[in-house]
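Have a look at the fold first, then read on.

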Amino acid sequence: MRDQPDPSKRPARKRLTADDWADAALAALSERGLGAVAVETLAARLGTTKGSFYWHFTNRDALVAAALARWEELSTERIIQAMEATEPDPADRLRALLRGAIATAATDALEVRLLAAADHPAVTAALARVTERRVGYLAHLFELLGFPPPEARRRGLLAYTSYVGHAQLTQAVPGSVPADAGYLATVMTALLRR
């Protein structure tokens, strides 16, 4: 007869956090859309039970709200903070933001999936907040480059809608939109033209 392992010597399983659940929800959403955010499926993905989920959330809607808040924080606020901390030149910040957005659009379907789920009230609200924050930040950069506020706002909106269109086309029709440095230079020239 074999010796049974001593339960006290088993490695402790990592205690999941609400952010772990939110990250798993975002991954599922990116892969298959909002309908893929299902508690049992996510529990299996995380190697845990539904009890862990209910420790952190009252229901699926609370998880969706947490995932959307996590998306806002990671994909908008932290990126803006990083730009502010590392790049003093506003034109270089614009280039870096566009370069990063274009690179991400080809490999990450999350934003396109969120746009497709815009009929969900929580998604609608999150998209509105993120859009306003991103356009506002881009407008701020254009103001720093000397554009008057109304024109800076228009250019910020143009830059953002260019990104959104790029992301949607890249996901829907791979290879239809270039992702090279020349394309980025053309976009920047158009955005900065006076």
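## H5 against H8

Helix H5 (residues 90-107) packs on helix H8 (residues 149-172) at an angle of about 25 degrees, their axes 8 Å apart. Axes here are lines fitted to C-alpha atoms, for helices over the stretch in contact, with angles running from 0 to 180 degrees between N-to-C directions. Helices are DSSP runs (H or I, at least four residues), numbered from the N terminus. H5 and H8 are therefore roughly parallel to each other, a label for angles under 35 degrees.

On the H5 side the contact (heavy atoms within 4.5 Å) uses Ala101, Ile102, Ala105, Ala106 and Thr107, and H8 answers with Tyr163, His166, Ala167, Thr170 and Gln171. By class that's 6 nonpolar, 4 polar and no charged residues. Nonpolar covers Ala, Val, Leu, Ile, Met, Phe, Trp, Tyr, Cys and Pro, charged covers Asp, Glu, Lys and Arg, and the others, Gly among them, are polar.

## Where this comes from

The model is predicted, so to speak of local features pLDDT must be at least 70, and side-chain atom pairs count only at pLDDT 80 or more, while totals for chains, interfaces and linings use all residues. Residues are numbered from 1 along each chain as its sequence is written, and side-chain values use heavy atoms, leaving out hydrogens and water.

## H1 across H4

The axes of helix H1 (residues 18-32) and H4 come within 8 Å, crossing at roughly 85 degrees. H1 and H4 are therefore roughly perpendicular to each other, which is the term for 65 to 115 degrees.

Asp19, Trp21, Ala22, Asp23, Ala25 and Leu26 of H1 meet Leu63, Ala66, Ala67, Arg70, Trp71 and Leu74 of H4. This contact has 9 nonpolar, no polar and 3 charged residues.

## The largest pocket

The largest pocket holds about 550 Å³ of space. A pocket is an open set of points on a 1 Å grid over the protein atoms alone, where a 1.4 Å probe fits, with protein on both sides within 12 Å along at least five of seven lines; lining residues have an atom within 4 Å of a point. Volume is the space filled by probe spheres set on the points, which are joined across faces, edges and corners.

Of its 27 lining residues, Ser75, Ile79, Ala101, Arg134 and Tyr163 lie nearest the centre. H5 gives the most to the lining, with 8 residues. The lining divides into 20 nonpolar, 4 polar and 3 charged residues.

How values were computed:
Helix = DSSP H or I, 4+ residues; strand = E, 2+ residues; numbered from the N terminus. Parallel < 35°, antiparallel > 145°, perpendicular 65-115°, else oblique.
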